[in-house]
Amino acid sequence: MSLKKFLLSFTFIKQLFFAFLIVCASLFLFMYWIGFTTNHGEEIIVPNLSKLTLQQAEDKLDELNLDFELLDTVDYNAAFPKLSVVQQDPHPGEKVKQNRVIYLKINSSGYSKVRIPELIQKTYRQAVPTLLALGLEVGDTTYIPNLAKDMVLEMKMNGNPVKAGVQVPKMTKIDLVLGDGKIGFEEGEMDSESDSISKDSTINLE
């Protein structure tokens, strides 16, 4: 039988058809296997773990076949319970595959401590940003007679004098005692009055 007749024969066409079916079936099975092993099309919505303890977050992620990794502890935030989840990545609502690692940051167990800066002889406008930059708060301000107006003369905490260098928790309120700038003016007036009285007395004596 010639090649041309063989290629046009029913036997060859039947074998070619079966070979085509086998290839198609193999491709289908291969794509199905790939989809099964990679969870193709299966996505999990990341839950909101905010304010949960690590144990609660782990239990919730285990139910969804997700893992977690603790990255760091952030500065204490009073809006969150101590040692609870503050930040997560990916964020809540995002879609991920199974076994995806969720990275967590938790709240500290309390405020970290800072040293009170030296504010004596600084102006109020200098003192305020210095305290805020360290995470401290500006408490009450009181004025006492002094030539230097708005200059810090004393620092207090809970009504008691406090010195620079003392360690206190962040968010502590530091009260400031400032000069009112009036003592020089009042003394000047008194000196002028005294000079006038002296001059008047001298004139009367003459």
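This is a predicted model: local features need pLDDT of at least 70, side-chain atom pairs count only at pLDDT 80 or more; totals for chains, interfaces and linings use all residues.
Asp 59 is partly exposed, its relative accessible area being 38%.

Asp 59 belongs to helix H3. On the surface, Asp 59 gathers with Glu 58, Asp 62, Glu 63 and Asp 67 in a patch of negative charge. Which element gives the largest share of that patch? Helix H3, spanning residues 54-63, contributes four residues.

I turn now to a nonpolar patch. Phe 17, Phe 18, Phe 20 and Leu 21 make a nonpolar surface patch of about 430 Å². Leu 21 is found in helix H2, which covers residues 10-37. Is Leu 21 buried, exposed or partly exposed? Its relative accessibility is 39%, so Leu 21 counts as partly exposed.

The last topic is a sheet. Four strands form an open sheet in the order E7-E11-E8-E9, and the pairing is mixed. Its edge strands are E7, residues 137-144, and E9, residues 160-161, each of which pairs on one side only. In general, strands of a sheet pair through backbone hydrogen bonds, in either a parallel or an antiparallel manner. How do strands E8 and E9 run, parallel or antiparallel? Strand E8, residues 152-157, runs antiparallel to E9, and two bridges join them. Within E9, Pro 161 is the residue that stands opposite Lys 156.

Conventions:
Residues are numbered from 1 along each chain as its sequence is written. Side-chain values use heavy atoms; hydrogens and water are left out. Patches are made of residues with over 30% relative accessible area and no salt bridge: like charges are joined within 9 Å, nonpolar side chains (Val, Leu, Ile, Met, Phe, Trp, Tyr) within 5 Å. Accessible areas come from the Shrake-Rupley method with a 1.4 Å probe; for residues, only the protein chains shown count as cover. A salt bridge is a side-chain nitrogen of Lys or Arg within 4 Å of a carboxyl oxygen of Asp or Glu. Lys and Arg count as positive and Asp and Glu as negative; His and the chain ends are not counted. The place of a charge is taken as NZ of Lys, CZ of Arg, CG of Asp or CD of Glu. Buried means under 20% relative accessible area, exposed over 50%, partly exposed in between (1.4 Å probe, protein chains only). Two strands pair if DSSP finds at least two bridges between them.
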